[in-house]
Amino acid sequence: MARLRVPDHDRLPLRLELAVGRSGRTLEEKLDAIAAAGFDGVEIFEQDLLASDRSPARVGRLVRDHGLEITLFQPFRDFEGLPEPLRGRAFARAKRKFDVMAELGADLVLVCSSVHPEALGGIDRCADDFAALGEIAAERGLRVGYEALAWGRHVDDHRDAWEIVRRAGHPAVGLILDSFHTLGRGLDPETIRRIPGDRIFFVQLADAPRIPMDLLYWSRHFRCMPGEGDLDVGAFARAVVAAGYRGPLSLKVFNDEFRAGLPSLVARSGHRALVDLMDRVRRAEPVLRVDLPDFPPPAPVDRVAFVEFATSREASGELVGLLDALGFAEAGRHRSKPVRRFRRGDADVLVNTATDGFAHAAYLAHGTCVSEIALAVPDAEAAYARGIALGAEPFGDPPGPGELSIPGLRGVGGSLLRLVDRKGADLWAIDFEPLDGGGGATGDRADESPGFLGVDHVAQTMPYDAMLSWALFYTALFTGDKAPMVDVADPHGLVRSQAIRSGGLRVTLNGSQAPRTLAGRFLSESFGAATQHVAISTSDILATANDLVARGFSALPIGQNYYADLEVRFDLAPSFVDALRTRDILYDRDDAGEYFQLYSCPFGDGSFFEIVERRAGYAGYGAANAPFRLAAQKRLSRPVSMPGR
């Protein structure tokens, strides 16, 4: 509904459209969110206006009071190619809409291709209708844009819509393009390059997951921000810019998650999606002029540098005891803060018991929780600058005297995402006093036992309606890929899960609308903490499991029926299955390789650790095992009716 404020007459203003009537949110809520996100233009959806108790003039004033402008009024339906007397009625309706537009302060109306059962079609007949409508609009200082609906009765292709506009031959009549209507029907966006840019009046953008279904239902329920789905919106946007279009870029997104979501999150995600999309357009085709401020390109993440837990001195015993049982040795202490560093192999976990600052606030809000995740990247300042350009919020306490300055961004659930230079200053040497051997015998055993390879992945839990936005956060900030969304069967409902991979970073995003699922309970009981579990990789799961038993580690007990099925499902040797059963290790296999999982029992408000081994090219997360892990965790959890802390 809005555009970036960049001082250049040739710029592409970016605008976001959100329909109040389709989201259940008030016009004021949306305008507040849109203006705050950095946009400067809105579309007015006719249903919003009809549902409002304000006059069109008052709605127009409200929009302008937010520093926004109305760029489009839409949609006007079932206009062209009608027989009389329907044709006359269509023109009468159009004149009434023009009166409304004058009150609103809008000069462009979207006319979508007709789905009327009595529409006759015919390129010349439709062109004549638009030529006549253009004359009426021009007399009032208005313009008409024609859009081909993917399910239009006679016109469902932007090429046919353009031919009607071309034959109409009126300067007040132009073409409106929508990426969903083009890409959803599998049309080649390259054909847009042949359309004169000045005849394209407006461009709307939306992505969608590839789901074979009715086009209308797909459009109404599954449109998402560019970059959140599977359509090649980048190719569409490149074609539009190459054609010479210099008007607004608008988001036309309808889906069930956004209808339930916070307007502020939707608006920020929309702004981020547009900036990221157009940044990728200019990088894919440097000859295309996209007027955005200069900021760094996305880069992959090398690895997870550390995970920090916020807790209190009194509550830290449970976490430190679990780290000891996992073989972590205390390797250092912060020079000026109550932060302890625990290390095993290449995995680092910090325990922060500060009584002020961000970590303390996180503990007060969520209890013992993951408050920070630090990512090692090729250039921390470049990654930070890209994040700020994409609308991420600077976050975290300022460095103290002599401390290393580590840029931070606000992450999922209000957590802190730190960005550490891959080849920069040594955090551990500057901020921490090293401890040789750390915890005496613990440190000695850690040196002698099988080591960890580092953090394999982190699992973050969030409200279901926020999943698309946070997936976009990661894929826009870093180079990477997202796996298809999958449904995980919890005993108390479905959990949706999506994995994001960028170099050495793996993140699984989990959301559920069912409050009694493990994900739902974690969100409720931790008051919105983000990271529910941390998975650490090992090169030898059986040796590691044996070592952990010697340390007194208590694994999550897995039901015995699981192993009886496992043996026949994968045709495994009984002795091998017995070794897995003895140590409560879960197993999965695909065409690429094998995967092993070992879980800790939950601690705090439902957090836990996972130990994994990947063999060969296995790239998944053991989704087939999730129902059995969830059932095991449910058996250990207190009843829903029992109060927590």
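Mentor: We will take helices, a lysine, a threonine, and some backbone details in turn. This is a predicted model, where local features need pLDDT of at least 70, side-chain atom pairs count only at pLDDT 80 or more, and totals for chains, interfaces and linings use all residues. Residues are numbered from 1 along each chain as its sequence is written, and side-chain values use heavy atoms, with hydrogens and water left out.

Trainee: At what angle do the axes of helix 6 and helix 7 cross?

Mentor: First the terms: helices (H or I, at least four residues) and strands (E, at least two) are DSSP runs, numbered from the N terminus. Axes are lines fitted to C-alpha atoms, for helices over the stretch in contact, and angles run from 0 to 180 degrees between N-to-C directions. Here, the axes of helix 6 (residues 123–139) and helix 7 (residues 158–168) cross at roughly 55° and come within 8 Å. That makes helix 6 oblique to helix 7; angles under 35 degrees count as roughly parallel, over 145 as roughly antiparallel, 65 to 115 as roughly perpendicular and the rest as oblique.

Trainee: Which residues of the two helices make the contact?

Mentor: Contact means heavy atoms within 4.5 Å. Helix 6 contributes Ile 123, Asp 124, Cys 126, Ala 127, Phe 130 and Ala 131, and helix 7 contributes Asp 160, Glu 163, Ile 164, Arg 167 and Ala 168. Seven of the residues in this contact are nonpolar, none is polar and four are charged. In that count, Ala, Val, Leu, Ile, Met, Phe, Trp, Tyr, Cys and Pro are nonpolar, Asp, Glu, Lys and Arg are charged, and the others, Gly among them, are polar.

Trainee: Is Lys 634 buried or exposed?

Mentor: Buried means under 20% relative accessible area, exposed over 50%, partly exposed in between (1.4 Å probe, protein chains only). Lys 634, in helix 23 (residues 626–636), counts as buried because its relative accessibility is 14%. Its side chain reaches the backbone oxygen of Arg 516 at 2.5 Å. Leaving aside neighbours within four places in sequence, Lys 634 also has contacts that include Asp 490, His 492 and Arg 521.

Trainee: What caps the N-terminal end of helix 9?

Mentor: Asp 214 does, with a side-chain oxygen 3.2 Å from the backbone nitrogen of Leu 216. Within helix 9 (residues 215–222), Trp 218, Ser 219 and Arg 220 are buried.

Trainee: How far apart are the C-alpha atoms of Thr 71 and Ser 250?

Mentor: They are separated by 9.4 Å, although the two residues are 179 residues apart along the chain. Thr 71 belongs to strand 3 (residues 69–76) and, at 7% relative accessibility, counts as buried.

Trainee: Where is Asp 571 found?

Mentor: Asp 571 is in the loop between helix 21 (560–570) and helix 22 (574–582). Its phi is positive, near 55°, and at 69% relative accessibility Asp 571 counts as exposed. Asp 584 has a positive phi of about 55°, but at 16% relative accessibility Asp 584 counts as buried.

Methods. A polar contact is a pair of N or O atoms within 3.5 Å; within protein, one must be able to donate a hydrogen and the other to accept it, and residues adjacent in sequence count only if both atoms are side-chain atoms.
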